[in-house]
Amino acid sequence: VVLLVSIGGASGTIRSRVVWTADDTGVFPVARAVASELLARARAGDRVVATAPSDLPLAYYLAPSERGRALLRATPDSAQRIWVVVNEAEGQDVNVQLRRAEIMTIDFSPPRSVWRGPRARLFVIERARPGCRLAPERCR
């Protein structure tokens, strides 16, 4: 009886595909494409910012390479460029992402969209000289 109940429960789980659609650990179907884009564009010292539910799937695809791990480890304070992953399927916004990550955007350029995939975007902000956004005339 126990065996029949176990088999029935397992087949129901498989048929429902709940494991593939649950978002307990993050859902980001384009994580592989975003990781590929980041690895192609990012330079040493760059940092990536991604929040749930995109962060763990993205880290999964970045972690196998040293460059990918460096993107995940760099601190925003030392980064010359910060790549911001926006999961549009989750209603995310680039400026909200930056605020949540506590990035001091005053020393960076405005976010620039550099890639668009299905329901996801990749933005980059680049470090400017301190104070240039407040007084651009001083930085010419």
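# Worked exercises on a predicted model

Arg 100 is exposed, with a relative accessible area of 59%, where exposed means over 50%, buried under 20% and partly exposed in between, for a 1.4 Å probe and protein chains only. The model is predicted, and local features need pLDDT of at least 70, side-chain atom pairs count only at pLDDT 80 or more, while totals for chains, interfaces and linings use all residues. Residues are numbered from 1 along each chain as its sequence is written, and side-chain values use heavy atoms, with hydrogens and water left out.

## Exercise 1: the overall layout

Task: State how many helices and strands the protein has, and in which pattern they follow along the sequence.

Solution. Begin with the definition: helices (H or I, at least four residues) and strands (E, at least two) are DSSP runs, numbered from the N terminus. On that basis the protein has six helices and four strands, and reading along the sequence gives the pattern α-α-α-β-α-α-β-α-β-β. Next, consider burial, for which 34% of the 140 residues count as buried. Finally, turn to contacts, meaning heavy atoms within 4.5 Å: among those between residues at least 6 apart in sequence, 66% join residues at least 24 apart.

## Exercise 2: helices H3 and H4

Task: Describe how H3 and H4 are oriented to each other, and which residues meet.

Solution. Two packed helices are described by the angle between their axes and the distance between the axes. The axes here are lines fitted to C-alpha atoms, for helices over the stretch in contact, with angles running from 0 to 180 degrees between N-to-C directions. For H3 (residues 31-41) and H4 (residues 55-62), the axes come within 8 Å and cross at roughly 55 degrees. Angles under 35 degrees count as roughly parallel, over 145 as roughly antiparallel, 65 to 115 as roughly perpendicular and the rest as oblique, and H3 and H4 are therefore oblique to each other. The crossing of H3 with H4 is right-handed, a term used if the near helix is turned clockwise from the far one by less than a right angle, with left-handed used if anticlockwise.

The residues come next: Ala 31, Arg 32, Val 34, Ala 35, Leu 38 and Leu 39 of H3 meet Pro 57, Leu 58, Tyr 61 and Leu 62 of H4. This contact of H3 with H4 divides into nine nonpolar residues, no polar and one charged, where Ala, Val, Leu, Ile, Met, Phe, Trp, Tyr, Cys and Pro count as nonpolar, Asp, Glu, Lys and Arg as charged, and the others, Gly among them, as polar.

## Exercise 3: buried residues and their contacts

Task: For Val 48, Leu 71 and Glu 37, find the element in which each lies and the residues in contact with each, leaving aside neighbours within four places in sequence.

Solution. Val 48 lies in strand E1 and is buried, with a relative accessible area of 4%. Its contacts, with those sequence neighbours left aside, are Leu 38, Leu 58, Leu 62, Leu 71, Leu 72, Trp 83 and Val 85. Val 48 and Val 84 are 36 residues apart in sequence and 5.9 Å apart in space, C-alpha to C-alpha.

Leu 71, in helix H5 (residues 66-73), is buried at a relative accessible area of 3%. Leaving aside neighbours within four places, Leu 71 is in contact with Leu 38, Ala 42, Asp 46, Arg 47, Val 48, Leu 62 and Trp 83.

Glu 37 lies in helix H3 and is buried, with a relative accessible area of 19%. With neighbours within four places left aside, Glu 37 is in contact with Trp 115 and Leu 122.

## Exercise 4: backbone geometry in the loops

Task: Identify which peptide bond is cis and describe phi of Glu 102 and of Arg 119.

Solution. Most residues other than glycine have a negative phi, and most peptide bonds are trans. The bond from Ala 52 to Pro 53 is cis, with omega near 10 degrees, and Pro 53 is found in the loop between strand E1 (47-49) and H4. Glu 102 has a positive phi of about 55 degrees although it is not a glycine; Glu 102 lies in the loop between H6 and strand E3 (112-117), and is exposed at a relative accessible area of 70%. Phi of Arg 119 is positive, near 65 degrees, and Arg 119 is found in the loop between E3 and strand E4 (120-126).
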